[in-house]
Amino acid sequence: MKIGKIEMKTYNKSSHELERNHLGKVVAITDGKIAAIGKDINSTLKLAEKRYPRKTFYVRKIGKNPEAIFIL
Amino acid sequence: MRTKRVKYKRINSNFLPVIKIKISGPKKAKEVDALLDTGASTTTITPELCEELSLEKIAETPVVTASNTEIVGLYKSKIIFVGIPFETYVASCKIPKEHPIRVLIGRDLMQFFKIVFDGPKVTIEIKSDLF
């Protein structure tokens, strides 16, 4: 899976609501849908996998900066 | 609360806070040295190790490293760290081949422990109720 326009579009379409209600949390997106929102990558992906088995997700932080992982 | 003490490991004339872990995928498991990296928010392994263990790719996500921002894969794995099993998603990120470490233990796993890096004694102290 390559992160494509559809995932970006899905986030951008919902960004106002996501950032108002879930700022700083992590969101998983697949097939143009919000699959799960959680406090960190592990909890978000576990929920996303449960709801959408065998799918691949685009994961990002909710907010201006999308990066959910720092390796410094 | 119980404590485990591990000496830093000497690698290429450097003492590093390294711990032996077991990491496994659907078909294969491997014991490897893992660096306790407080700068890593998520446990990270090399793409080569990901492939060797046939880990399943679950997601992609943007990552900030010391030198750039890149998109990496997130893979499902089982890790036994200080004797305790974790089911977790690891990031796949290149580590220079000259560096002998293939796994960075991030704060996603370290958050479950009290860890003291005792520089003068070159020892890591790991405290937990999980032991």
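## Basis of the description

Two strands are taken to pair if DSSP finds at least two bridges between them, and helices (H or I, at least four residues) and strands (E, at least two) are DSSP runs numbered from the N terminus. The structure is a predicted model, in which local features need pLDDT of at least 70 and side-chain atom pairs count only at pLDDT 80 or more, while totals for chains, interfaces and linings use all residues. Residues are numbered from 1 along each chain as its sequence is written, and chains are lettered from A and ligands numbered from 1 in the order in which they are written.

## Strand pairing within and between the chains

Strand S3 of chain A (residues 57–61) runs parallel to S7(B), to which two bridges join it; in this pairing Phe57(A) stands opposite Ala59(B). Within chain B, S8(B) and S9(B) run antiparallel and are joined by eight bridges, with Lys78(B) having Glu87(B) in S9(B) as its bridge partner. The hairpin of these two strands has two residues between them, and Val82(B) there takes a positive phi near 45 degrees. S9(B) is also joined by two bridges to strand S6 of chain B (residues 44–45), in a parallel arrangement, where Thr44(B) is partnered by Ala91(B).

## The contact between chains A and B

With contact defined by C-beta atoms, placed from the backbone, that lie within 7 Å, the contact takes 19 residues from chain A and 23 residues from chain B. On the side of chain B that touches chain A, the elements giving two or more residues are S7 (56–65), S8 (69–81) and S9 (84–92), and S7(B) gives the most, with nine residues.

Leaving aside neighbours within four places in sequence, Val59(A) is in contact with residues of both chains, including Ala28(A), Leu45(A), Ala59(B), Thr61(B) and Leu74(B).

In helix H2 of chain A (residues 41–51), the buried residues are Ile41(A), Thr44(A), Leu45(A) and Ala48(A). Seen down the axis of H2(A), these buried residues fall within an arc of 90 degrees, taken from the directions from the helix axis to the C-beta atoms, so they line one face of the helix. What covers them includes S1 (26–30), S2 (33–38) and S3 of chain A, together with S7, S8 and S9 of chain B.

Terms used. Two residues are in contact if their C-beta atoms, placed from the backbone, lie within 7 Å. A residue is buried if 20 or more other C-beta atoms lie within 10 Å of its own, exposed if 12 or fewer, and partly exposed in between; C-beta atoms are placed from the backbone.
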